[in-house]
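Trainee: Could we go through this model together, testing each label against its definition?
Mentor: Gladly, let us have a look.

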Amino acid sequence: MDRRLSGRGPALSTDGLPGATVEVANGQSVTLDLGAPREVAAIAFSRDRSGLLVNFPVTGYAVEASLDGAAWSVLLDRPTSRAAPAGQVEKLSPTQARYLRLKVSGQHNGPARLDEIAVFGMGA
């Protein structure tokens, strides 16, 4: 299952405000549409900064990029990583992408909870 961020629900994970979480089970992903190709150099994600759901971390993940939403390249693969309580920042090799996908490959105690996702790069 792929949860594209548009309109309501999962879109709250990019609003800059803590509180709303997106549940992402093993094998699921959250796809960000950057609107146009951009150079991306890092991705950050946090889990439940309110502290209510700290037992649902992402324990494995990959970051993938695409220019067209069809052909994907793996930028980062962390199959056995554990996200820090406040969040995780991952530097990426700078690449052009319109879409970034955070794909969960492991979670603890049920679906992982993602609070906020941010992408960093250069250019417009």
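Mentor: Of the 124 residues in the protein chain, 40% are buried. This is a predicted model, in which local features need pLDDT of at least 70 and side-chain atom pairs count only at pLDDT 80 or more, while totals for chains, interfaces and linings use all residues. Residues are numbered from 1 along each chain as its sequence is written, and side-chain values use heavy atoms, with hydrogens and water left out.

Trainee: What makes a residue buried, exposed or partly exposed?
Mentor: Buried means under 20% relative accessible area, exposed means over 50%, and partly exposed lies in between, with a 1.4 Å probe and protein chains only. Val 30 has 2% relative accessibility, so Val 30 counts as buried.

Trainee: Why is the pair Glu 64 and Arg 101 called a salt bridge?
Mentor: The term requires a side-chain nitrogen of Lys or Arg within 4 Å of a carboxyl oxygen of Asp or Glu. For Glu 64 and Arg 101 the N to O distance is 2.6 Å, so the pair meets the 4 Å cut-off. Glu 64 lies in strand E4 and Arg 101 in strand E6, so the pair ties together parts that are 37 residues apart in sequence. Both residues are buried.

Trainee: How many salt bridges does this rule give?
Mentor: The count comes to 3. Another of them joins the side chains of Arg 98 and Asp 33, at 2.9 Å from N to O. This pair links distant parts of the chain, with Arg 98 in strand E6 and Asp 33 in strand E3, 65 residues apart. Glu 90 also forms a salt bridge with Arg 78, where the closest N and O atoms are 3.2 Å apart. Here Glu 90 is in strand E6 and Arg 78 in strand E5 (residues 73–78), 12 residues apart.

Trainee: Why do Glu 90 and Arg 78 get their accessibility labels?
Mentor: Glu 90 has a relative accessible area of 6%, so it is buried. Arg 78 has 33%, so it is partly exposed. Arg 98 counts as partly exposed because its relative accessibility is 25%, and Asp 33 because its value is 38%.

Trainee: What makes a set of residues a nonpolar core?
Mentor: It must be a set of buried Ala, Val, Leu, Ile, Met, Phe, Trp, Tyr and Cys residues joined through side-chain atoms within 4.5 Å. The largest one has 16 residues, and those touching the most other members are Ile 43, Phe 45, Val 63, Leu 100, Leu 102, Leu 114 and Ile 117. Strands E3 (29–46), E4 (58–66) and E6 (88–107) each supply at least two residues of this core. E3 gives the most, with 6 residues.

How values were computed:
Helix = DSSP H or I, 4+ residues; strand = E, 2+ residues; numbered from the N terminus.
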